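Trainee: Please show me how to read this structure one feature at a time.

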Amino acid sequence: FVARVGAGGTSLGRAVHSVMERIGWDGSGLAEAVALHAAAEGTDPDTVAALARAGAEWAARTVAGREVREMFLSAMIGDTLTEGFVDLLWRDADGEFHLADWKTDRKSTPAEIDRAMEDYRIQAGAYAAMCERTLGKRPKTMTFVFLRALAEGREGAVRSVEPTDDLVAEAERGIQSSGRTR
């Protein structure tokens, strides 16, 4: 059985993720990447640019050290092959791994984000389990960056989850019982 974590997405999400994979955190290459990927996905280039710019500015302030974008992870969890792409993985000066996930959905108020985090925290546990099995080390944090809220300057647009033993075990049980996470 195969479980895909975080699979799917909208045309806006695919365009923003493609742009985030290719631009410099200083914004270099933004205009070209937006023109290409917004057109390919048939979505509004101004929205794609605003969300990607907000994400790049956050990453420029936050990410230090070596990074990998759109990293594929695959691991056996029980008898389930579990796969997913981590939007951003980096290692800090202490050698700790950190993960980030770009969220492009319409959730932008603190209350909407709070409700979404109930599901996303399980995603954090699943990615932590895959990272630990693949890289030999559990990430210290998984950060969900709600790009729309960030672009609008709203409070609570960036939420970090510490993948505790309990959270990872809960995600593993969910994968083994249903074969997927949200």
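Trainee: Is E41 buried, exposed or partly exposed?

Mentor: Buried means under 20% relative accessible area, exposed over 50%, and partly exposed in between (1.4 Å probe, protein chains only). E41 is partly exposed, with a relative accessible area of 25%. Keep in mind that this is a predicted model, where local features need pLDDT of at least 70 and side-chain atom pairs count only at pLDDT 80 or more, while totals for chains, interfaces and linings use all residues. Residues are numbered from 1 along each chain as its sequence is written, and side-chain values use heavy atoms, leaving out hydrogens and water.

Trainee: Which side chain meets that of E41 in a salt bridge?

Mentor: Side chains of opposite charge can pair when their charged atoms come close. The rule here asks for a side-chain nitrogen of Lys or Arg within 4 Å of a carboxyl oxygen of Asp or Glu. E41 meets R14 in this way, at 3.1 Å from N to O. The pair links distant parts of the chain: E41 sits in helix α2 (residues 30-41) and R14 in helix α1 (residues 11-22), 27 residues apart. Helices (H or I, at least four residues) and strands (E, at least two) are DSSP runs, numbered from the N terminus. R14 is partly exposed too, at 38% relative accessibility.

Trainee: How many salt bridges does the rule give?

Mentor: The count comes to eleven. One of them joins D165 and R138, whose closest N and O atoms are 2.7 Å apart. D165 belongs to helix α6 (residues 165-178), and R138 to the loop between α4 and β5. Salt bridges with shared partners tie E132, R138 and D165 into one network. D165 itself is exposed, with a relative accessible area of 56%.

Trainee: What about E70, which is buried? Which side chain of opposite charge is nearest to E70?

Mentor: Lys and Arg count as positive, Asp and Glu as negative, with His and the chain ends not counted. E70 has no salt bridge, and the nearest side chain of opposite charge, R22, is 7.6 Å away. R22 instead has a salt bridge with E21 (3.3 Å, N to O). E70 lies in strand β2 and, not counting residues up to four places away in sequence, touches H17, E21, F85, V86 and D87. Contact means heavy atoms within 4.5 Å.

Trainee: In which sense does β2 pair with β3?

Mentor: Two strands pair if DSSP finds at least two bridges between them. Strands β2 (residues 67-77) and β3 (residues 80-91) are antiparallel, over ten bridges. Within that pairing, R69 has L88 as its bridge partner. In the hairpin, with two residues between the strands, G78 takes a positive phi near 65°.

Trainee: And how are β4 and β5 joined?

Mentor: They run parallel, with six bridges joining β4 (residues 97-103) to β5; L99 stands opposite M142. Six of the six residues of β5 (residues 141-146) are buried, so the strand is largely enclosed by the rest of the structure. T141, T143 and V145 cover one side, while M142, F144 and F146 cover the other.

Trainee: Which residues touch the most other members of the largest nonpolar core?

Mentor: Such a core is a set of buried Ala, Val, Leu, Ile, Met, Phe, Trp, Tyr and Cys residues joined through side-chain atoms within 4.5 Å. Of its 57 residues, W58 and W102 touch the most other members. Helix α4 gives the most to this core, with twelve residues.
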